Amino acid sequence: MKSEQDKAKIVTRLLDDEPVGQTVQVVRVMGDGAFRQRLLEMGFVRGAKVTVLKNAPLQDPVEYMILGAHISLRHSEAAQVEVTDKEALFCDLEDNFNGIVETEVAGVDPMADNVLRVVLIGNPNCGKTSLFNNVTGAKEKVGNYGGVTVDSKEGWFNIDGRRVQLVDLPGTYSLTEYSPEEMYVRTYIRDNHPDAILNIVDAGNLERNLYLTTQVMDMNIPMVIALNMWDELEKSGDHLDIEMMSRLLGARMVPLTAYNGRGVKEVLQATMQTIDESEKETMHHNVNYGTLIEDCLKELGGMCPTLDRYTVLKVIENDQHAIELLNSQPNAGQVKKTAADMRQRIERDYNEDIVSIITDLKYGFVRGALAEALTPNPDRATGETKPGYSMDRLLTNRWLALPILLVLMWLMFEATFTLGAYPQEWIESGIGWLGEWIGSVMPDGILKDLIVDGIIGGVGGVLVFLPQILILFFFISLLEDSGYMARAAFIVDRIMHRVGLHGKSFIPYLIGFGCGVPAIMATRTLENRRDRLVTILTVPFMSCSARLPAYLLLVAAFFTANQGLILMSIYLIGILVAAITAIIMSKTFLKHDKTQFVMELPPYRKPTARNATIHMWSKGKQYLQKMATIILAASIIVWALGYFPRHEGQTPQEQIENSYMGQMGKAIEPVVEPLGFNWQMGVSVLTGAAAKEIVVSTMGVLYTGEADATEESASLKEKLQTATKPDGTHVFDPIVAYSFMLFILLYFPCIAALAAIKREAGTKWMIFEIFYTTGVAWLISFLFYQVARMF
Amino acid sequence: MSTIIQTIVVLGIVAVALVYVLRRVVKTMRSKGGDCGCGCGKDCQCKNKPGKEF
């Protein structure tokens with residue numbers, strides 16, 4: 001504790017005013033609520049050293065280093081932190097180290113509910129999902145940035161003849177009540193009574209990661225600590241005395257390298273041993289908060305013996321969810337009054353608010369424990385950046401960052417085209433050969449027409465783009481695993497801020513390039529409902545992988561040069577429309593104050609070929625599964641609608657125009673004609689509402705059916721290039737093709753995405769989204785087509 | 001195969017495809033989040049996944 005006189009002497013400044021390269025100490029974090037709490041949890045506690053590393057290329061946000069981690073804060077947020085460079089005036093955090101206290105915990109029967117349940121918890125991006133996938137054989141999405149897991153995922157493993165359920169929970173920095181993921185984890189643990197907690201800790205950033213551990217220690221649940229990324233700790237030259245650390249925390253600690261599976265079996269064995277020991281009465285280690293707070297905990301704990309130490313401490317902290325739990329106690333009123341008195345006494349004694357005091361003490365405990373067990377690499381200078389960040393000199397450089405981002409995007413799209421072209425040709429020839437062979441062996445008739453025109457024409461038209469899908473996801477996986485995606489967020493954060501989007505929205509947008517459904521679910525991490533709504537309603541403008549076959553087909557058919565750039569422009573227009581929509585919404589009917597956001601920049605990691613291949617294969621499998629199910633079924637229906645009713649003596653062209661599909665197409669033709677579309681394109685976008693790949697499969701069916709005998713073996717691309725209107729002019733040219741791509745990019749999200757919007761935002765917003773996206777798509781395609789035609 | 005049989009077979013396939021698509025759409029819209037709806041068609045929260053051996 002500090003004397004008032006000492007405090008009065010401290011001259012403080014704002015962190016925002018500090019120049020790049022400056023190292024200062026935190027005095028206090030101003031404000032209140034979730035943002036303040038988050039900063040405290042991330043280590044912005046009194047006495048902690050912060051180094052200003054660099055401004056983002058657009059000058060906002062700023063990258064800081066604290067507790068060895070790199071944090072991105074906007075200027076307005078850094079202005080909430082008071083700092084000083086008078087080191088000597090501060091007591092060191094280690095002064096708060098009071099060691100541990102032991103609590104007797106009664107033995108429990110692990111099989112009481114017939115299920116052995118272990119939950120995985122840890123900071124965001126510490127490798128929980130990598131371990132979960134490794135242990136259960138699941139293929140849940142992982143990425144080198146936080147916020148990928150948004151709810152619990154359950155899997156199983158068998159060890160020594162016992163079956164155990166493993167639950168992967170979202171990453172959290174703490175277990176407070178301020179953010180949805182923290183409340184989710186806290187409530188899950190409280191309601192499901194796991195037999196053990198498997199706490200995944202990033203061994204390269206122990207100080208920050210062990211803060212969460214101090215909270216779990218108070219819950220008195222058997223815990224095992226897995227020191228993940230152990231290889232990075234070894235490489236850094238730091239040395240951790242695992243045995244001593246384990247003794248201090250009262251939990252088994254096991255080194256782990258989850259991405260390659262090293263140490264997984266040992267972690268599981270340690271977990272089982274811990275569960276077995278919990279059958280007997282054990283002494284549980286808790287953080288010692290000093291005489292005053294410990295006395296309060298003892299007194300209050302005695303008044304409500306059914307509550308655990310964690311909840312009692314939260315009651316003293318005036319945590320509203322803990323107080324709700326308290327309401328079930330018969331003496332709730334008296335306990336609340338006593339807790340309030342205690343809070344006042346503690347705050348008066350420490351001259352701080354209770355949340356800062358407890359956070360300081362927890363960090364003090366962690367730092368004290370590390371001072372005893374961790375020997376830092378003596379060759380590393382104080383304040384020097386840890387390995388894994390050296391590439392930032394280039395990739396987030398003020399002048400080079402944006403050009404590098406654009407070049408990387410262009411390279412990705414160009415490679416998708418050029419490398420994918422060869423296997424695409426092979427698949428195309430294979431499908432062409434299959435169609436011809438079936439055509440030659442089967443007698444003419446309706447069944448042959450269904451197989452050749454409906455199934456091979458429809459499914460085959462989409463299947464040929466499998467290589468490009470695989471290549472694109474291989475590149476995305478490399479960018480995600482390396483940690484570059486978090487840098488991309490850092491580089492463009494100022495733009496996100498300007499358009500009224502929350503910093504956390506970046507993660508759903510990123511996921512949206514793969515599939516809109518998990519992206520919409522990922523908005524659950526946004527605290528503010530209006531932030532969530534803006535993000536949910538704009539995510540469908542991020543071009544998902546299902547739309548890619550349509551772009552690939554049209555770009556390859558009608559643009560001979562700069563194909564990668566054309567494809568990239570479509571993605572960029574999607575982002576632009578999302579930004580404009582977000583500005584309009586956040587300034588009108590979804591107006592709200594901007595929520596602050598602290599983002600962690602993970603160290604760069606070498607992407608592994610294994611992970612990239614798994615990611616690519618899982619995408620490829622999903623794509624093939626869709627081919628064999630919904631695309632196949634939709635192609636059959638589209639073919640039937642284009643085949644019936646039959647009229648004798650008509651040419652294939654007349655037949656298809658007079659079919660049910662033709663009649664439908666003709667009915668909507670006036671609506672799509674101003675965009676440069678014919679009725680076949682109109683029908684394709686209509687059927688594409690079920691799933692976006694169906695746009696291509698519908699065109700495959702309609703143009704195959706329309707083709708005469710000599711054209712049957714031609715690819716869909718060639719058929720589109722030669723398709724003509726009744727007046728003999730070409731249906732497609734680059735302007736029509738681009739207008740069509742714009743419409744596909746922006747219109748009606750697919751049924752699955754709409755269902756997700758309905759679930760997350762409600763029916764009203766789902767209906768709004770249908771009309772809004774389709775209206776925007778029509779308007780932009782119309783403007784593009786009409787203006788481009790003038791030149 | 002006679003034209004009539006071929007027609008019956010084809011109409012049967014079309015009917016199955018139609019029922020499949022409609023069921024899929026209804027199932028997706030009614031989903032409470034158990035099926036992630038990403039297109040894999042599987043319940044990603046399935047409790048009966050086989051466990052890995054250690």
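The model is predicted.

Start with chain A. Its domain assignment gives domain 1 at 4–91, domain 2 at 100–375 and domain 3 at 404–790. Take domains 1 and 3 of chain A. Their C-alpha centres lie 45 Å apart. Still, these domains touch: 18 residues of domain 1 are in contact with eleven residues of domain 3.

Which elements build the side of domain 1 of chain A that touches domain 3 of chain A? Helix 2 (33–41) and strand 5 (69–73) of chain A each supply at least two residues. Strand 5 gives the largest share, with five residues. By residue type, this side of domain 1 holds eleven nonpolar, two polar and five charged residues.

Now bring in chain B. Here 31 residues of chain B are in contact with 37 residues of chain A. On the chain B side, helix 1 (3–30) and strand 1 (52–53) each supply at least two residues. Helix 1 of chain B provides the largest share, 15 residues. The side of chain B that touches chain A divides into 15 nonpolar, eleven polar and five charged residues.

Strand 1 of chain B also pairs with a strand of chain A. Its partner is strand 9 of chain A, residues 153–159. Two bridges join these strands, and they run parallel. Which residue of strand 1 of chain B is the bridge partner of Phe157(A)? That partner is Lys52(B).

Conventions:
Residues numbered from 1 in each chain as written. Chains lettered and ligands numbered in written order. Predicted model: local features only at pLDDT ≥ 70, side-chain atom pairs only at ≥ 80, totals over all residues. Domains from an automatic or database assignment. Contact = placed C-beta atoms within 7 Å. Helix = DSSP H or I, 4+ residues; strand = E, 2+ residues; numbered from the N terminus. Nonpolar A, V, L, I, M, F, W, Y, C, P; charged D, E, K, R; others polar. Pairing = 2+ DSSP bridges.
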